[in-house]
Structure formats: structure tokens, C-alpha cells
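Hi,

Here is the structure I promised to pass on. Have a look, and below it you'll find my notes on what turned up.

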Amino acid sequence: MSFLVLQRIRKSFFYLNKRVEILKGVNLSVEKGEKIAIVGPSGVGKTTLLHIIGTLEKPDSGELFLNGKSLSLISESELAEVRKRFIGFVFQMHYLLPELNVLENVVLPGKLAGLKDKEAGERARALLELFGLGERLFYKPSHLSGGERQRVAIARALLLDPPLLLADEPTGNLDPQTAEEVIQAFLKANKEAGTTLILVTHNLDFAKKMDKIFLLKSGVLIKL
Ligand SMILES: Nc1ncnc2c1ncn2[C@@H]1O[C@H](COP(=O)(O)OP(=O)(O)OP(=O)(O)O)[C@@H](O)[C@H]1O
Ligand SMILES: [Mg+2]
């Protein structure tokens with residue numbers, strides 16, 4: 001079985017007493033170390049799908065398997081463990097904590113996971129070096145450029161070395177050159193650590209740097 005498998009995932013939302021079907025039977029198989037892009041117009045359900053893959057939201061029906069394990073029937077605490085061990089998130093908004101400096105932001109998931117300070121600190125520094133932020137360790141996020149913030153967010157998502165990295169339009173608010181730097185950071189993580197990547201993007205040039213591109217349309221994924 002593939003590393004990540006989605007089978008007939010359905011999701012609808014109730015809003016103002018009306019049910020709106022967003023996902024209508026999404027199927028997807030992703031191998032370990034693969035790079036996948038998901039494209040599609042605004043409002044089609046890309047973020048919803050990413051949240052379901054990341055176990056932040058539950059589907060109405062369908063099956064999700066990660067590393068051969070079904071995630072449908074496990075408890076919320078087991079799910080939290082899977083999330084911590086297997087999944088890194090990079091959101092469109094970076095969600096860095098403004099009162100913490102760069103290094104502290106990246107170390108934080110390590111602290112929460114009970115990693116030793118020294119170990120987390122060393123790993124955070126190495127990641128920040130890798131993404132060209134070695135000179136920015138003690139800056140507050142408000143003193144960084146948009147691309148630098150996003151690269152810090154990627155370093156933070158990678159701190160616990162998740163085998164799966166989910167990114168929701170991480171370059172949406174960036175100028176082309178900065179966006180390119182951010183994409184290079186993802187490609188580096190994939191190359192150096194074999195991190196499986198799922199990238200939601202509106203940018204076809206970036207999508208083409210992945211191994212496969214899927215279009216989310218009418219509630220299903222279509223391989224382009
Ligand atoms: N909690 C919710 N309650 C009701 N409707 C929702 C909820 N979350 C999302 N939706 C609806 O689901 C649809 C898909 O939203 P989603 O955020 O997944 O789209 P998207 O493809 O990520 O769009 P974008 O490219 O603009 O980010 C939208 O029409 C939205 O209004
Ligand atoms: Mg979205």
C-alpha cells in the first residue's frame with residue numbers, strides 16, 4: 001500500500017441551512033518521497049482536502065491511510081500522536097509567534113514534543129542554516145521579509161522530521177523571487193530528508209517542479 005492513500009473521501013458543509021458538497025469522492029495515492037501538487041480555482045476545496053489529509057478535519061465518509069494505518073477508527077489522542085510524528089504543516093499565513101525570535105519559533109514544536117533543549121536547538125539551527133537563515137536566528141518575525149518568515153515556518157514544520165509535509169499556498173503572498181526561494185526550500189527538504197510533499201499552489205511553474213500534478217475539480221482529483 002502507498003504511504004498515503006485516500007479512498008472516496010467526501011466532505012460537505014452546512015451553511016445557512018444548506019448543505020454544500022465540497023469533496024465528492026477524492027481518491028489519491030502518494031508514495032514515500034513523492035512530490036505532489038494540487039491545483040484548482042479558489043473555493044474548490046483544496047484547503048479542506050489538505051486539512052483532511054492532515055487529520056485536522058474529519059471527512060464525512062471515505063478512508064484515509066497513512067503508512068499503512070487507517071486513520072478513521074483511531075482515538076483523538078492517537079490521532080494527535082500521528083499528527084505530531086508524521087505531519088508537518090505550512091499554512092498560507094505563517095502563524096509565527098511574534099514575541100518569539102526565529103530560533104525560538106522553530107524550537108517550539110520540539111519543546112511541545114518533549115525533545116531535549118540542546119537537541120531541538122541544534123536541529124533548529126541546522127534547518128535555519130539550510131534555508132539561508134543562519135544570520136537571522138535572533139530576529140523577531142516582524143523584522144523579517146515575507147519569504148524569510150515563510151522559510152522559518154518551513155523550518156518549524158520540519159523540526160520533528162515529519163515524513164509528510166503539507167503546504168497550503170505557501171508562496172501566495174510572495175514576490176516571484178522570494179516565492180522561488182521558498183519552493184527551493186521545499187525541494188531541499190525533499191531531496192535531503194526524502195520528505196513527501198503535498199503542495200497546494202496557484203502557480204503552475206511551481207506545480208511543474210513536483211512529480212505529479214492533480215487538479216481538484218467538481219469535488220474530485222484529476223491527474224494532469
Ligand atoms: N467551516 C465551513 N463551513 C462552511 N463552509 C465552508 C467551511 N469551510 C470551507 N467552506 C466552504 O468550502 C469551500 C471550499 O473551501 P476551501 O477553503 O477548501 O477552498 P480552497 O480551494 O482552498 O480555496 P482558495 O484557493 O481560495 O484557498 C468554500 O466554498 C467554503 O465556503
Ligand atoms: Mg485554500
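Helix α1 (residues 46-53) supplies the largest share of the shell around ligand 1, three residues. Helices here are DSSP runs of H or I with at least four residues, numbered from the N terminus. Keep in mind that this is a predicted model, where local features need pLDDT of at least 70 and side-chain atom pairs count only at pLDDT 80 or more, while totals for chains, interfaces and linings use all residues. Residues are numbered from 1 along each chain as its sequence is written, chains are lettered from A and ligands numbered from 1 in the order in which they are written, and side-chain values use heavy atoms, leaving out hydrogens and water.

The residues around ligand 1 (a heavy atom within 4 Å) include Phe13, Ile22, Lys46, Glu169 and His202. Polar contacts (pairs of N or O atoms within 3.5 Å) to oxygen atoms of the ligand: a polar side-chain atom of Thr48 at 2.6 Å, a backbone N or O atom of Gly43 at 2.7 Å, and a polar side-chain atom of Thr47 at 2.8 Å. Taken alone, ligand 1 exposes 640 Å², and the protein buries 60% of that (Shrake-Rupley, 1.4 Å probe).

Now the helix pair. The axes of α3 (residues 102-112) and α5 (residues 146-158), lines fitted to C-alpha atoms over the stretch in contact, with angles running from 0 to 180 degrees between N-to-C directions, come within 7 Å and cross at roughly 30 degrees. α3 and α5 are therefore roughly parallel to each other (angles under 35 degrees).

Cheers

Note on methods
A polar contact is a pair of N or O atoms within 3.5 Å; within protein, one must be able to donate a hydrogen and the other to accept it, and residues adjacent in sequence count only if both atoms are side-chain atoms. Helices (H or I, at least four residues) and strands (E, at least two) are DSSP runs, numbered from the N terminus. Angles under 35 degrees count as roughly parallel, over 145 as roughly antiparallel, 65 to 115 as roughly perpendicular and the rest as oblique.
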